[in-house]
Amino acid sequence: MKVQKTVAAAGGALVLSDLYRSYDMQLQANLDYTSGKKKAFSPPPGGSMHEAGRAFDLDLSRIKTPGLAAFWALASAEGISPIIAKPDTGISEAWHFDCRGSHDRIYTYYRAGKGTNFTQAYTAMAASAIVSTGQRVDALGEDPRTGYLQSGLIRLGQEIGSMDGAIGPKSRKALAALGIAPETPLDAQVAAMTQRLQQEFPREYFVSGVPMVETAQPAHLSV
Ligand SMILES: [Zn+2]
């Protein structure tokens with residue numbers, strides 16, 4: 001593939017290590033970090049894009065810095081973003097890449113101070129991505145559906161204050177503004193929200209025209 005060839009031409013090899021992590025896997029990764037068993041930073045569950053299937057790690061010992069630089073040059077066009085400032089295998093987290101997609105809007109929203117319940121905009125973005133796959137995020141309450149609705153509202157340009165999983169007057173007003181009746185059953189609201197998101201972000205869904213679970217990466221993406 002093109003990316004592999006480009007990295008190889010720079011003298012490196014493209015080897016993926018971590019991709020999706022479940023809640024329990026993320027918990028273990030965080031424990032390994034906090035206990036000192038592993039040096040690689042890993043946040044507690046609810047804060048990693050790996051839990052949404054929207055992140056991957058590269059084996060730095062294989063790709064090497066010139067290969068990493070070559071990878072960076074191709075990555076942004078595919079919607080892939082690093083989380084450090086420059087391609088240098090000596091920097092912590094140089095291995096980690098995110099596919100932020102529409103959840104980048106949650107990041108921007110929190111950076112602008114429009115939500116205040118997450119101290120890091122990145123954590124809010126990860127929570128949004130995780131809850132949008134139907135998984136529970138502790139910071140967003142018991143039922144992932146309410147966090148998903150709020151994530152959708154923000155991604156569609158509504159201002160609701162904090163994304164906390166509690167549907168209050170601001171969230172209800174924003175839902176109504178998008179033509180989603182807040183008094184209808186939660187599943188109906190979720191289905192309507194998915195349709196709105198699908199229309200706005202078609203690249204995040206493999207099949208258009210049918211409400212379905214959000215997918216992590218564009219179908220054409222291959223590394
Ligand atoms: Zn990672």
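**View 1. Helix H4 has buried residues at Ile106, Tyr109 and Tyr110.** H4 covers residues 104–111 in this predicted model. Looking down the axis of H4, the buried residues fall within an arc of 90 degrees, so they line one face of the helix. What lies over these residues? The cover includes helix H5 (121–131) and helix H6 (144–155). After H4 comes Gly113. The phi of Gly113 is positive, near 80 degrees.

**View 2. Helix H4 packs against helix H6.** The two axes are 9 Å apart. The angle between H4 and H6 is about 80 degrees. Angles of 65 to 115 degrees count as roughly perpendicular. H4 and H6 are therefore roughly perpendicular to each other. Which residues meet here? From H4 come Arg105, Ile106 and Tyr109. From H6 come Ser151, Ile154 and Arg155. By class, the contact of H4 with H6 has three nonpolar residues, one polar and two charged. Ile106 and Tyr109 are also among the buried residues of H4.

**View 3. Helix H6 runs alongside helix H8 (residues 186–200).** The axes of H6 and H8 come within 10 Å. They cross at roughly 30 degrees. Angles under 35 degrees count as roughly parallel. That makes H6 roughly parallel to H8. The crossing of H6 and H8 is left-handed. On the H6 side, the contact is made by Arg145, Tyr148, Leu149, Gly152 and Arg155. On the H8 side, Leu186, Gln189, Val190, Met193, Arg196 and Leu197 take part. Sorted by class, the contact of H6 with H8 holds six nonpolar, two polar and three charged residues. Arg155 of H6 belongs to this contact, and Arg155 also meets H4.

**View 4. Ala127 sits in helix H5.** Is Ala127 buried or exposed? Ala127 has 29 C-beta neighbours inside 10 Å and counts as buried. A residue needs 20 or more to be called buried. Which residues does Ala127 touch, leaving out those up to four places away in sequence? They are Gly46, Phe118, Val137, Ala139 and Leu140. Arg54 is 73 residues from Ala127 along the chain. The C-alpha atoms of Ala127 and Arg54 are separated by 12 Å.

**View 5. Lys64 and Glu93 each have a positive phi without being glycine.** For Lys64, phi is about 60 degrees. Lys64 lies in helix H3 (residues 60–75). Lys64 has 16 other C-beta atoms within 10 Å and is partly exposed. For Glu93, phi is near 75 degrees. Where is Glu93? Its place is the loop between strand E2 (81–82) and strand E3 (96–98). Glu93 has 12 other C-beta atoms within 10 Å, and Glu93 is exposed. The cut-off for exposed is 12 or fewer.

**View 6. Arg172 lies in helix H7 (residues 169–177).** How many other C-beta atoms lie within 10 Å of Arg172? There are 15, and Arg172 is partly exposed. Ile167 and Pro182 are in contact with Arg172, leaving aside its neighbours within four places in sequence. Gln150 is 22 residues from Arg172 along the chain. The C-alpha atoms of Gln150 and Arg172 are separated by 9.6 Å.

Terms used
Residues numbered from 1 in each chain as written. Predicted model: local features only at pLDDT ≥ 70, side-chain atom pairs only at ≥ 80, totals over all residues. Helix = DSSP H or I, 4+ residues; strand = E, 2+ residues; numbered from the N terminus. Arc of directions from axis to C-beta. Contact = placed C-beta atoms within 7 Å. Axes fitted to C-alpha atoms, helices over the stretch in contact; angles between N-to-C directions. Parallel < 35°, antiparallel > 145°, perpendicular 65-115°, else oblique. Left-handed = near helix turned anticlockwise from the far one by under 90°. Nonpolar A, V, L, I, M, F, W, Y, C, P; charged D, E, K, R; others polar.
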